[in-house]
Amino acid sequence: MGTAAPAAAPLADAYHDESSFIRKYIFSTDHKTIGIQFLFASLAFLTLGGVLAIMLRWQLGFPGQELPGIGVVAPKFYNSLVTMHGTFMIFFAVMPLLVGVFGNYLIPLKIGAPDMAFPRLNMLSFWIFMLSGVVMTASLFVEGGAAGAGWTAYAPLSAVPQYTGVSLGQQLWIVSIVLFGASSLLGSVNYITTVINMRAPGMTLFRMPLSIWALFITAIIALLAIPVLAAAVIMLFFDQTLGTTFFLPADGGQPLLWQHLFWFFGHPEVYILILPAMGIVSDVIANGSRKPVFGYHSMVLAIIAIAFLGWITWGHHMFQSGMNPLLGTSFMISTMAIAVPSAIKVFNWLGTMWRGNLRFHTPMLWAIGFVSLFTVGGLSGIFMAANTVDIFIHDTYFIVAHIHYVLFGGSLMAIFAAIYFWFPSMFGRMMNETWGKIHFALTFVFYNLTFFPMHILGMAGHMRRIYDPTQYEFLQPYQPMNKFITLSAILLFAAQLPFIVNFFWSLFRGKKAGLNPWQDNGLEWTVPSPPPHGNFATTPTVYRGPYEYSSPGAEADYLPQNVPLSGGREPVGAGTGEG
Amino acid sequence: MDWLPGAASSYAADLDRMFYVILVITGLILVGVQVALVYFIIKYRGRAGRRASYIEGSTKAEVIWTVIPAVIVVGIAVASQTVWSKLKDPDRFPSAGLEVNVEARQFAWAITYPGTDGELGTEDDYVRYNEMYVPVNRPVVFNLTSVDVVHSFFVPAFRIKQDAVPGLNTRAWFEATEVGEYELACAELCGVAHGLMKGKIVVLPEDEYDSWAAEQS
């Protein structure tokens with residue numbers, strides 16, 4: 001398939017999906033089905049990650065007290081809780097929710113393609129991901145317990161079973177990550193090829209929605225970063241099992257090598273975790289503001305700048321590691337630099353809302369919440385980017401606060417925005433708006449009550465990953481704050497119940513979505529919800545950019561990308577939605 | 001504002017100043033963004049008969065909000081670097097009033113003192129665990145390493161943190177400015193008793209330190 005427009009022939013065969021149930025829903029090659037499979041799997045892992053967090057928070061808030069139904073959390077189990085919470089959330093919740101779900105679901109639809117470039121590879125990617133998830137979950141139950149060296153798995157701790165008391169669990173962690181890496185690479189190859197090769201006629205790169213730009217750039221980052229992770233964990237596996245000493249000081253090994261390799265992946269990884277979220281937020285804010293995204297080209301450049309700079313900042317995780325202090329200078333400079341494109345994006349979102357005609361539907365609330373909380377997370381990053389200040393706050397709760405403001409206040413809020421926004425497309429039904437708003441309000445409040453105080457704990461010097469803060473005199477005055485955080489976290493977890501109920505209830509009983517319920521400009525809303533196999537009856541032709549809201553050229557306050565304008569101002573073939 | 005712990009070292013004030021400068025700058029930006037959000041939510045809420053303004057962007061705005069953040073972060077970087085090199089560049093360490101070795105292990109800190117000959121690596125060196133005795137107002141330079149996994153030497157009151165890496169010898173320093181006892185914690189996950197790997201720095205007046213040292217031999 002070349003880059004020129006395919007003929008606008010009806011994809012008649014696409015509608016006749018007479019496959020068996022297994023072909024259609026289990027081993028599907030349809031990107032939409034695969035996206036939805038990722039959705040169910042990832043939401044389950046998100047719940048598991050949350051449960052692990054509550055358990056570790058229980059020990060922190062009430063040290064030594066029995067967790068109902070489980071007993072007292074022992075120190076070794078605590079380390080596993082901390083490790084597996086981070087692991088499940090990063091690899092099995094946030095990344096697949098953004099990249100696996102919305103990458104898969106949105107890319108072909110929003111660029112006017114019938115499916116991904118490699119549908120069978122896509123299916124393989126999902127099932128390898130599932131296998132990886134099964135292995136990681138299984139590792140919770142093996143003898144010796146689950147991995148306990150942190151999601152960052154620093155060597156030598158992670159390399160030698162005697163150091164952690166964990167053997168098989170740590171090895172299975174690696175096996176799972178390698179499988180995950182394979183899944184991710186297959187996905188990247190697919191997304192990149194699809195975006196480059198399969199855009200509908202008229203869909204130039206600079207007419208793509210920012211969600212697609214972000215997912216495209218993210219796929220490139222993953223393609224280059226994941227192999228480094230895979231190589232590092234395989235070397236670690238060899239240290240664990242074959243007697244090599246890549247990361248052990250004996251025979252010329254270097255513990256710091258692990259950190260360099262891990263963070264060379266790990267820093268681009270955090271941009272994988274945020275860029276698709278930012279792209280989604282742009283789409284939703286434009287829709288909710290009924291206005292073009294302010295500075296579309298700058299937003300694209302900012303995504304590319306973040307992706308590019310993200311490769312040269314990894315050492316800021318290692319300022320205090322014992323590496324040459326000169327690197328503490330160079331990495332600070334690059335880290336400070338990357339703050340600038342992030343700031344640009346925040347200002348452009350504000351510019352989008354400015355003089356808009358704002359609709360506060362549930363997705364818009366989450367998107368606004370993202371802007372608010374990501375700003376906190378981004379600004380707290382400045383403290384740790386300053387190498388001097390990092391001396392004090394490194395490995396304290398200030399870092400934990402930062403991480404969670406960008407990953408939860410940022411990424412997860414964008415994920416919720418995306419779920420509420422594209423649920424109608426996926427399932428043909430709306431989620432309940434009232435309960436959506438309740439979910440947002442409760443989450444926003446309890447989220448801040450849980451995580452904002454962590455900045456204060458960090459300023460007090462409260463270390464990360466410690467089992468019992470009351471062991472330290474300087475931390476004892478902060479134990480009431482730890483209790484408060486734990487209780488808020490439990491309420492935050494409970495606040496997700498309306499979402500779970502709403503989600504499942506709406507699958508079967510939600511209000512029928514109709515055509516284009518959000519009066520959006522995206523191509524996914526120009527076909528029925530859910531779209532048929534093959535997406536478009538005829539390949540759409542794209543006439544304009546993705547954010548022509550309140551355009552002078554149209555009477556309605558939206559103008560989908562594929563709608564040709566007649567001589568007058570009335571778009572031919574509009575008459576969609578209740579607008 | 002006393003959210004940062006009581007400071008008891010010669011360079012704590014420099015570090016704290018960086019912290020507070022960043023706090024003020026980021027605090028102002030944060031308030032600005034949140035206020036703008038709330039203001040826009042109220043002022044531009046959708047009403048029937050209104051239409052949003054079709055504005056695609058502004059090059060001038062992009063330049064302003066690129067250049068100003070860039071200038072701010074460069075300023076912060078330059079200021080931070082000045083303090084950083086003083087604290088971390090071994091060529092710039094003050095000459096030691098006392099030099100010790102600190103060896104971290106699962107799960108204790110082994111501190112080797114030079115003994116009466118004042119030199120490390122000689123027969124009169126002695127080792128103490130988890131308690132580091134130092135004289136006040138004299139720079140203490142130490143050689144930090146680990147025998148097993150990565151640990152991190154963290155004394156909040158001194159604003160010092162340095163990872164202890166097996167196979168590496170990392171030099172670090174502090175100068176305690178107030179007599180007293182200060183907690184030492186491990187700040188890098190190092191195994192099941194990571195959270196219990198605490199110690200203390202006992203800062204004594206010079207003469208008391210000398211008596212203590214004499215008693216040890």
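Into which domains is chain B divided? I looked this up and found domain 1 (12-90) and domain 2 (94-216). The bounds come from an automatic or database domain assignment.

**Ground rules.** I noted that residues are numbered from 1 along each chain as its sequence is written, and that chains are lettered from A and ligands numbered from 1 in the order in which they are written. This is a predicted model, in which local features need pLDDT of at least 70 and side-chain atom pairs count only at pLDDT 80 or more, while totals for chains, interfaces and linings use all residues.

**Confidence.** I looked up pLDDT, the predictor's confidence in each residue, from 0 to 100. For chain A the mean is 94, and 94% of its residues reach 70 or more. Over residues 1-14 of chain A the value stays under 50. Residues 572-579 of chain A are also below 50. Where pLDDT is low, the predicted coordinates should not be read in detail.

**Shape of chain B.** I took the centres of the two domains of chain B over C-alpha atoms and found 40 Å between them. Chain B has three helices and 10 strands; helices (H or I, at least four residues) and strands (E, at least two) are DSSP runs, numbered from the N terminus. Along the principal axes, the C-alpha atoms of chain B fill a box of roughly 90 × 35 × 30 Å.

**Burial.** I wrote down the cut-offs: a residue is buried if 20 or more other C-beta atoms lie within 10 Å of its own, exposed if 12 or fewer, and partly exposed in between, with C-beta atoms placed from the backbone. Of the 217 residues in chain B, 37% are buried.

**Where the chains meet.** I counted a contact when the C-beta atoms of two residues, placed from the backbone, lie within 7 Å. By that count, 81 residues of chain A are in contact with 73 residues of chain B. Helix α11(A) gives the largest share of the side of chain A that touches chain B, 15 residues.

**Helix α12 of chain A.** Its 24 residues (362-385) should span 34 Å at 1.5 Å a residue, and the end C-alpha atoms are 34 Å apart, which agrees. The expected span is 1.5 Å times one less than the number of residues. In α12(A), 23 of the 24 residues are buried.

**B:Gly167.** This residue lies in the loop between β7 (160-164) and β8 (170-175) of chain B. Which residues does B:Gly167 contact, leaving aside its neighbours within four places in sequence? I found A:Pro249, A:Gln254 and A:Pro255. B:Gly167 counts as partly exposed because it has 19 C-beta neighbours inside 10 Å.

A cis peptide bond joins A:Ser529 and A:Pro530, with omega about -10°. The bond from B:Gln106 to B:Phe107 is cis too, with omega near 0°. A:Asn516 is not a glycine, yet has a positive phi of about 55°; A:Asn516 is buried, with 23 other C-beta atoms within 10 Å. B:Asn137 is not a glycine and has a positive phi of about 55°, and B:Asn137 is partly exposed, with 15 C-beta neighbours inside 10 Å.
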